[in-house]
Amino acid sequence: MVEVINTNIVIVTLVLVTLFSVVWKILNDFWFRPKKLEKFLRSQGFKGNPYRLFYGDMKDMAAVVQQAHSKPIKHDEYLVPYIIPYHHQMIQKFEKCFIWYGPYPVLIITDPKMIKDITYKHTIFQRPTLSPLDRLLVTGLFIKEGDEWAKRRKIINPAFTLEKLKNMVPSMYVSCRELVDKWETSIQGKESCEIDVWPDFANLTADVISRTAFGSRFEEGRRIFELQRELFFLIYQCSQTIYIKGSRFLPTKRNRRMKGIFRESNAIMRDLIKKREERMKDEENSEDLLGILLESNLKEIKENGNKKSCGLTTDDVVEECNLFYFAGQETTSNLLVWTMIMLGIHRDWQEKAREEVSQVFGNNELELEGLHRLKIVSKH
């Protein structure tokens, strides 16, 4: 009887301790820690809205964005309030400020000197810790620090030398030519035609990166982009709700799909790496990104006595390629869309750019030497 009572006491104690730990963890994550960070940031001169439980500024942000996007863009209008309306509103109100993404404060830095310090002093200003969901999409060099960051940077650098990029220009030209031909076909026989360039530019940058990364195997690269876009959309959906630690392990339809995408994407990448390594045995030089990366990695391992710890593993190579796809595709397509908007607003610069390109290239194909001679297009 005594043993039974003692066992029950132990069980009750364990349950209470576990319950207390969980409650404390939730209170700390969603209240005590955010309030402590808020106090610290205000002492450093940053301003912002008081922290609000769970959601922070996310509800206000969604309302402001919806209101801004409900109005059409005017050509003579300042565009920042439309593109990032809530951030613009906070900067106008506080200047040196922070925004609450749930229980996490995000600083808005507009001072060029501070931006330079943050960019160059990477040992002091370290990268933020990503959530487990974000790590499904963004990994590799972006999240590494210290010696591991330096090692990866050293191995990846040869892929982005001027000589290697020069060899990729013909592949870029083919993708761009195909897009322009598509546009020309769509407007044939029409006085005017409206074209939604956003999806076309997204496909263009995906195609360019696929060609330059895999050479003749760009079809597999396109599939990776499709999977990444779907994964990004699913993760974005999750970001609109309160993230509860451990919820990614629940067997929900969305969680299962995200894990399925991650596995399929990595499987395709591993297969491409394996085939590329086999091709490297018969090729003297590689001109695509994956081949250059693998060559640089092999050279690093040989120089350090074939120590695998000095180079990148297959998992590391998969991470770097996934990062290159995601970061390169989104940023470049957005920049192209923004460039089209600016050229549409400033017609005088559009005419100057068209005239310069015509003078430099005429009816000839684009080549790197000619691109270097462009002054207006490269600077504006």
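This is a predicted model: local features need pLDDT of at least 70, side-chain atom pairs count only at pLDDT 80 or more; totals for chains, interfaces and linings use all residues.
Accessible areas come from the Shrake-Rupley method with a 1.4 Å probe, and for residues only the protein chains shown count as cover.

Trp31 counts as partly exposed because its relative accessibility is 35%. Buried means under 20% relative accessible area, exposed over 50%, and partly exposed in between (1.4 Å probe, protein chains only).

Residues are numbered from 1 along each chain as its sequence is written. Local features need pLDDT of at least 70 and side-chain atom pairs pLDDT 80 or more, while totals for chains, interfaces and linings use all residues; side-chain values use heavy atoms, without hydrogens and water.

The protein chain comprises 15 helices and two strands. These are DSSP runs numbered from the N terminus: helices are H or I with at least four residues, strands E with at least two. The C-alpha trace spans about 95 × 60 × 45 Å along its principal axes. Of the 380 residues, 32% are buried. The chain exposes about 25,000 Å², with 59% supplied by carbon and sulfur atoms.

Helix H10 covers residues 253-280. Its 28 residues should span 40 Å at 1.5 Å a residue, and the end C-alpha atoms are 41 Å apart, which agrees. The expected span is 1.5 Å times one less than the number of residues. Among the buried residues of H10 are Ile261, Ser265, Ile268, Leu272 and Arg276. In an α-helix there are 3.6 residues a turn, so residues three or four places apart point the same way.

Strands E1 (residues 97-101) and E2 (residues 104-108) run antiparallel and are joined by five bridges. Two strands pair if DSSP finds at least two bridges between them. Cys97 has Ile108 as its bridge partner in E2. The strands form a hairpin with two residues between them. Gly102, in the turn, has a positive phi of about 65°.

Ser333 is found in helix H12 (residues 314-345). Ser333 is buried, at 6% relative accessible area. Beyond its neighbours within four places in sequence, Ser333 is in contact (heavy atoms within 4.5 Å) with Phe201, Ala202 and Thr205.
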